[in-house]
Amino acid sequence: MGIIVKSAREVAVMREVGRIVARVLEVLVGQLRPGMKTIELDEIAAREVAKQGAKPSFKGYRGFPANLCVSVNDEIVHGIPGERVLREGDIVSLDMGAIYNGFQGDAAVTVGVGEISAQARDLIMTTESALMAGIAAARAGATLGDISVAIQNCAESRGYSVVREYTGHGIGRDMHEEPQIPNYGVAGSGPVLKKGMTFALEPMVNIGDWRTRADNDHWTVRTADGSISAHFEHTIAITEGEAEVLTVV
Ligand code: MG
């Protein structure tokens, strides 16, 4: 099948769904507070995505039971919202996907609950910087490996590790299209990027080791060593110049 190149019209629809996803995340971040249950975030996500005329992508995806992934502290990705109460000092990754007019948007942010440690703040800042470094490397004529290595170098230069078992991905009519986009790699390797390719870049960065383990719920992925982890994601489109970030309000 290979990497699907989108037309300008298709990218325009992805811009709309991207804006919806970004808006949902913005509302969630604005409402997040200590004492809140993670299921309340899921309810807000469901309400906001419906308000924008879109559908949540994750609910029912391979049986995932919620609208939103909520991953706290040592949880990396795919956390299921529930009765857990957020406490001051926690860090929370919110990952939202939506579908609108046949196209998908996917984005994630990590935020602190109230006051968080300096180390947690640095991890969050570095993970967002790693995503931005990946986006900056995502230019027509560069390769997929150039994105991967830009993300990896940013995280590892701060002494952190990038998760290896989970990757970014192509995105379009399907949430997961080719290619997989690892957050580590070799510059100049892999397919050459072309205008109209659309990707979800999503570094997952750990303070400790990169290894992971999955919970008995078969969804929640956490660090094997119990260290905290952050996750940022944007859906982007390759253009003739700098990549366009689609998941912005
Ligand atoms: Mg994704």
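A crossing of two helices is left-handed if the near helix is turned anticlockwise from the far one by less than a right angle, and right-handed if it is turned clockwise. The views below show a predicted model, in which local features need pLDDT of at least 70 and side-chain atom pairs count only at pLDDT 80 or more, while totals for chains, interfaces and linings use all residues. Residues are numbered from 1 along each chain as its sequence is written, and side-chain values use heavy atoms, with hydrogens and water left out.

**View A. Packing of helices α1 and α2.** Helix α1 (residues 8-31) packs against helix α2 (residues 38-51) at an angle of about 145°, their axes lying 10 Å apart. Helices (H or I, at least four residues) and strands (E, at least two) are DSSP runs numbered from the N terminus; axes are lines fitted to C-alpha atoms, for helices over the stretch in contact, and angles run from 0 to 180 degrees between N-to-C directions. The crossing of α1 and α2 is right-handed. From α1, the residues I20, V24, V27, L28 and Q31 meet L41, I44, A45, E48 and V49 of α2, a contact being heavy atoms within 4.5 Å. By class, this contact of α1 with α2 comprises 8 nonpolar, 1 polar and 1 charged residues (nonpolar: Ala, Val, Leu, Ile, Met, Phe, Trp, Tyr, Cys and Pro; charged: Asp, Glu, Lys and Arg; polar: the others, Gly among them).

**View B. Packing of helices α3 and α4.** The axes of α3 (residues 118-137) and α4 (residues 144-157) come within 8 Å and cross at roughly 155°. Helix α3 is therefore roughly antiparallel to α4 (angles over 145 degrees count as roughly antiparallel, under 35 as roughly parallel, 65 to 115 as roughly perpendicular and the rest as oblique). The crossing of α3 and α4 is right-handed. T126, S129, A130, A133, G134 and A137 on the α3 side contact D146, I147, A150, I151, C154 and A155 on the α4 side. The contact of α3 with α4 contains 8 nonpolar, 3 polar and 1 charged residues.

View C. D106 (OD), H169 (NE2), E202 (OE) and E233 (OE) coordinate the magnesium ion at 2.2 to 2.3 Å. Donors are N, O and S atoms within 2.8 Å of the metal (3.2 Å for Na, K and Ca); water is not among the atoms, so sites may look incomplete. The spacing of the donor residues in sequence is D-x62-H-x32-E-x30-E. D106, in strand β5 (residues 103-112), and E233, in the loop between β13 (229-231) and β14 (234-237), are 127 residues apart and link distant parts of the chain. D106 is buried, with a relative accessible area of 3% (buried means under 20% relative accessible area, exposed over 50%, partly exposed in between, with a 1.4 Å probe and protein chains only). E233 is likewise buried, at 1%.

View D. The peptide bond from E178 to P179 is cis, with omega near 0°, and P179 belongs to strand β8 (residues 177-181). H78, a residue other than glycine, has a positive phi near 65°. H78 lies in the loop between β3 (75-77) and β4 (91-100) and is partly exposed, with a relative accessible area of 26%. N101, also not a glycine, has a positive phi of about 50°. N101 sits in the loop between β4 and β5 and is exposed, with a relative accessible area of 54%.
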